[in-house]
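Please open the model in your viewer and keep the selection panel at hand. The stops below are meant to be taken in order.

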Amino acid sequence: MRILFTSWAWTTHFYPMVPLAWAARVAGHDVRFAAPSDLVPSIVASGLPAVTAGEDFDIVGDFQERIVTVMDYENDHARGEAELAERHAARSRAVMEHYTAIAAAMTPGLLDYARDWRPDAVVYDPLAWAGVLVADDLGVPAVRSLFGPDLSAAIRPEHTDVLDPLLESLGLDRPESTLGDLTVDPCPPYVQIDAPVRRQHIRFVPYNALPVVPPAAHEPGRSGRPRVCLTWGTTTDRMVGETAFLPPNVLEAMLSLDAELVIAIAARQEHLLPDLPPEVTIAKSVPLDVLLPTCDLVVQRGGSGTSHTAALYGVPQLILPLMPDTLLTARTFCSSGAGVFLRPDEADAETIRENAARILEPDSSFRRQARALADDMERLPRMPDAVRAMEELAA
């Protein structure tokens, strides 16, 4: 059958879809991956057939204008219950408006291509709502390919009117739901939020688009001390600004630990690092699925890829979230007992250090729970099961 995959032009949302797209190709299906031109080089690098569809969009500028202006989590501790509820609603609506603006740029071009190619199913990133609109227009199954905790299910019920102007401008009917007909879900079931959807759970498969692994990247530390990976992902500094990259309170806490510190960064982030002691290891563009198995703790900002990779290899986590999606990731993954998260208003250097030290204790419950979470993920179905679920749905 013909399967059209689509994502908005952000690589960390595209990457989680690559293993599923390849599983569909291996099963013999005709797969095309359609996205705005900004994402096409990444699609081509993954070996998938790429289609340019939709207009490019200033994702960073729109995010900063709509969402960064209403975040202000650092002051939540001083707000009353009513004001907190109001802020939560404003943040959720801002997220909806941001992804609706992306859908407005993508949908016309994606519709034109899909109406011509006539796929039997559309697989879409849960925040690329152009995908579900196209599937609804064609009358074919819409399959959400999740990247982590179900953010779109969490925010969608509150603001059902946001999509209406876009639907009216394109002459489209409102789909019954943006949640699709099937959800392919790599998130461990007992840390996923509840939502009224049909789920096909799968074991998370890391994809990093990094073809060369540095020779020593897989080697564990030799100091005899616990090894801590500190990483801030590839999104926060782009979306929020370079001043949000590895804040001073985080570095101060990590450098005061009795541990071997490895800082994992993208090559483009190297200039953002301050002067560091020579014993700190800088892992530049090293895939986390190679690095994290050598570590005893990962300290991170709540990226879903980092959280899933750490969980897959039984590494406990200390999460310091900043953005709406990372707050949800932090709450869900740490609910398993495999880590701790600190809100921005409570993440001073001493509190970060104390919690990291507590997690690193040899007999800590966090280590045991992280291992149990990894065991649970190992037992989840594999990608071919998700492809069979899509085949059944299309049939």
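This is a predicted model: local features need pLDDT of at least 70, side-chain atom pairs count only at pLDDT 80 or more; totals for chains, interfaces and linings use all residues.

**Stop 1**

Select the seven strands of the open sheet, which pair in parallel and follow the order β3-β2-β1-β4-β5-β6-β7. The edge positions belong to β3 (50–52) and β7 (199–201); each has a single partner strand, so one side of each has no neighbour in the sheet. From one strand to the next, the twist averages 25°.

For one pairing in detail, select residues 142–145 (β5) together with residues 182–185 (β6). These two strands are joined in the parallel sense by three bridges. Within this pair, R144 is placed opposite T183 of β6.

**Stop 2: helix α5**

Next select residues 81–117. This is helix α5, which lies across β1 (2–6), β2 (30–35) and β3, and runs at about 170° to β1.

Inside α5, pick T100. Is T100 buried or exposed? T100 is buried, its relative accessible area being 9%. Its side chain reaches the backbone oxygen of M96 at a distance of 2.8 Å. Setting aside neighbours within four places in sequence, the contacts of T100 are W129, V162, L163 and L166.

Now move to R118, in the loop that connects α5 with β4 (121–124). R118 is not a glycine, yet its phi is positive, near 60°. R118 is partly exposed, with 46% relative accessible area.

**Stop 3**

D237 has a relative accessible area of 6% and is buried. Which side chain forms a polar contact with that of D237? The partner is Q269, at 3.2 Å. Show the surroundings as well: beyond four places in sequence, D237 touches E242, F245, R268, Q269 and L272.

L246 is in the loop between α9 and α10 (248–255). Although not a glycine, L246 has a positive phi of about 40°. L246 is buried, with a relative accessible area of 6%.

**Stop 4: helix α12**

Select residues 304–312 for helix α12, which is mostly covered, with eight of its nine residues buried. Those buried residues are S304, T306, S307, H308, T309, A310, A311 and L312. After α12 comes G314, where phi is positive, near 70°.

**Stop 5: the cysteines**

Finally, select the cysteines. How many disulfides does a search of the whole structure find? The count is zero.

Start with C295, whose closest cysteine sulfur is that of C229. The two sulfurs are 4.9 Å apart, too far for a bond, since a disulfide requires sulfur atoms within 2.5 Å. C295 is buried, at 8% relative accessibility.

C334 takes part in no disulfide either, and the nearest cysteine sulfur, in C187, is 12 Å away. The relative accessible area of C334 is 12%, so this residue is classed as buried, the cut-off being under 20%.

Notes: Residues are numbered from 1 along each chain as its sequence is written. Side-chain values use heavy atoms; hydrogens and water are left out. Two strands pair if DSSP finds at least two bridges between them. Helices (H or I, at least four residues) and strands (E, at least two) are DSSP runs, numbered from the N terminus. Axes are lines fitted to C-alpha atoms, for helices over the stretch in contact, and angles run from 0 to 180 degrees between N-to-C directions. Contact means heavy atoms within 4.5 Å. Buried means under 20% relative accessible area, exposed over 50%, partly exposed in between (1.4 Å probe, protein chains only). A polar contact is a pair of N or O atoms within 3.5 Å; within protein, one must be able to donate a hydrogen and the other to accept it, and residues adjacent in sequence count only if both atoms are side-chain atoms.
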